[in-house]
2 protein chains.
Amino acid sequence: MTSLRVAFQGERGAYSEAAAVAFFGDSVQPIPYNDFDSVFEAVNTGQVDRGVLPVENSLAGSIHRNYDLLLRYELFIVGEVQIRIAHQLIALPGVSLNDIKKIYSHPQALAQCEQSITRLFPYVERVVTYDTAGSVKMIKEQNIRDGAGLASQRAAAIYGMDILQPDMQDDAENYTRFVVVAREPEIPAGEAKTSIVFSMDNMPGSLFKSLAVFALRDIDLTKIESRPLQGKRWQYFFYIDFIASQYEERGRNALNHLREITSYLKVLGSYPRGV
Amino acid sequence: MTSLRVAFQGERGAYSEAAAVAFFGDSVQPIPYNDFDSVFEAVNTGQVDRGVLPVENSLAGSIHRNYDLLLRYELFIVGEVQIRIAHQLIALPGVSLNDIKKIYSHPQALAQCEQSITRLFPYVERVVTYDTAGSVKMIKEQNIRDGAGLASQRAAAIYGMDILQPDMQDDAENYTRFVVVAREPEIPAGEAKTSIVFSMDNMPGSLFKSLAVFALRDIDLTKIESRPLQGKRWQYFFYIDFIASQYEERGRNALNHLREITSYLKVLGSYPRGV
């Protein structure tokens with residue numbers, strides 16, 4: 001039995017890798033890619049079995065880039081997993097807080113730890129890296145003894161580094177939701193969630209009608225978001241997640257009904273609801 | 001006649017300052033503050049007449065932090081303005097592209113120019129600064145001749161710097177919407193927009209009912225977004241903008257109706273609709 005090959009964006013130890021392990025278990029074979037596009041491409045061409053991609057963060061909101069890629073590629077969401085983001089301050093063994101002159105991490109992690117950094121190190125230099133875990137890898141490879149990275153606990157373990165200060169994020173309620181994508185759809189067993197994107201030419205009455213499609217069938221929503229199409233006043237994309245499968249009658253009827261009133265509709269996938 | 005004092009987050013030349021000038025005109029007196037909290041505080045204590053704050057970006061989504069502050073402070077939205085974000089590569093006069101070893105900017109600007117940076121400078125170092133315009137100010141003050149900043153055209157003009165390369169952002173469709181806040185509400189003349197935040201204990205039926213409040217009165221929506229309350233399954237905040245004033249009967253009736261079915265409702269303000 002060979003283990004599942006799963007693409008994620010970032011270096012080994014990235015939060016996306018932690019999400020892959022949380023979803024598939026320790027036997028998974030996570031494979032790092034430089035950017036989101038490459039993850040989609042790897043799944044699309046069959047280099048890997050699955051891809052794991054962040055779609056929304058509780059502080060930063062929806063990651064529109066991945067919604068755009070979900071529209072562009074013909075892949076299917078087959079699962080979801082949510083993990084808590086906790087940035088650790090990570091340095092080489094033997095390095096202490098007083099040694100730190102530079103802090104390396106991904107821009108968003110630096111921003112999410114801004115107050116903690118300022119409190120601990122009023123005069124430290126912040127250095128952007130392409131990846132949270134990548135900053136830890138670089139500190140290790142270049143033997144940087146006056147710097148620390150901000151990354152996951154998993155990154156500290158993978159690179160054999162020490163955690164100088166745990167939980168650096170300013171807001172403890174920091175969660176990211178990831179979706180798992182595959183080339184073929186899967187029919188979910190148990191409680192299912194379905195993610196869709198649609199657009200309508202005119203928001204007012206038609207948004208109400210589109211929600212009626214779900215309300216009239218007692219289908220719950222877990223996400224709704226409008227995204228204006230720039231330069232097109234009154235035109236929007238809507239992201240909706242609802243609790244039903246497109247493979248059960250209720251979900252199928254709702255989607256057929258929705259097609260009557262939308263100018264564009266794409267079903268991104270039905271999948272078991274995450275916990 | 002004294003000019004209006006308007007608080008914004010960032011250094012002189014920040015996009016928020018450009019938004020303030022776009023809204024109030026050249027006679028405005030923009031006053032920089034370090035963070036969003038300080039802008040709210042400055043308006044609240046009467047140090048300034050108005051504050052200008054970003055609430056959503058077409059690529060990065062809603063800025064939840066400012067929604068949180070709008071809930072915490074008793075200020076009122078009295079206007080809105082949208083500007084296009086175009087990052088210029090800015091350096092000291094006489095510096096050329098070949099001299100550049102480091103690029104300085106705010107994390108989000110660096111991320112939004114990632115592909116352009118990699119194409120122009122495969123081996124350049126990215127250095128995070130607290131502010132786009134602040135990076136230009138620093139390059140000027142420290143006479144950094146091997147570095148460039150990413151910031152607005154306005155920042156280049158204010159600090160007397162050159163634009164080495166215009167429009168560095170990877171996605172041309174990059175817009176930020178700002179709101180103008182004041183201590184006292186203003187009754188808008190002409191077409192008005194109203195921004196509200198509300199929560200309901202259960203999303204499914206009640207979201208539909210809450211939209212009925214608007215649909216039944218032919219009131220258009222321009223934004224809807226759900227934001228899950230962490231740790232509280234099925235509990236959400238909703239952000240809605242609708243085209244009507246709370247001071248006209250239709251808008252007042254809709255809000256009264258909405259109060260019947262929500263567990264929490266805050267009207268952030270009614271204001272003239274921006275162009």
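This is a predicted model: local features need pLDDT of at least 70, side-chain atom pairs count only at pLDDT 80 or more; totals for chains, interfaces and linings use all residues.

**Notes on domains and the chain pair**

1. Let's begin with how chain A is divided.

2. Next, domains 1 and 3 of chain A. Ten residues of domain 1 of chain A are in contact with eleven residues of domain 3 of chain A. On the domain 1 side, α3 (64-72) and β5 (76-84) of chain A each supply at least two residues, and β5(A) has the largest share with five residues. By class, that side has six nonpolar, three polar and one charged residues.

3. Now the contact between the chains, where 29 residues of chain A meet 29 residues of chain B. The elements giving two or more residues to the chain A side are β4 (61-62), α4 (107-112), β8 (125-128), α8 (204-215) and β13 (221-228) of chain A. α8(A) gives the most, with seven residues. The class count for this side of chain A is 16 nonpolar, eight polar and five charged residues.

4. Finally, the symmetry. Chain A superposes on chain B by a rotation of 180° with 0.0 Å of shift along its axis, at an RMSD of 0.0 Å. The two copies are therefore related as by a two-fold rotation axis. Both copies use the same surface, as 100% of the contact residues of chain A recur in chain B.

Terms used:
Residues are numbered from 1 along each chain as its sequence is written. Chains are lettered from A and ligands numbered from 1 in the order in which they are written. Two residues are in contact if their C-beta atoms, placed from the backbone, lie within 7 Å. Helices (H or I, at least four residues) and strands (E, at least two) are DSSP runs, numbered from the N terminus. Ala, Val, Leu, Ile, Met, Phe, Trp, Tyr, Cys and Pro count as nonpolar, Asp, Glu, Lys and Arg as charged, and the others, Gly among them, as polar. Copies are superposed by least squares on the C-alpha atoms of residues with pLDDT of at least 70 in both.
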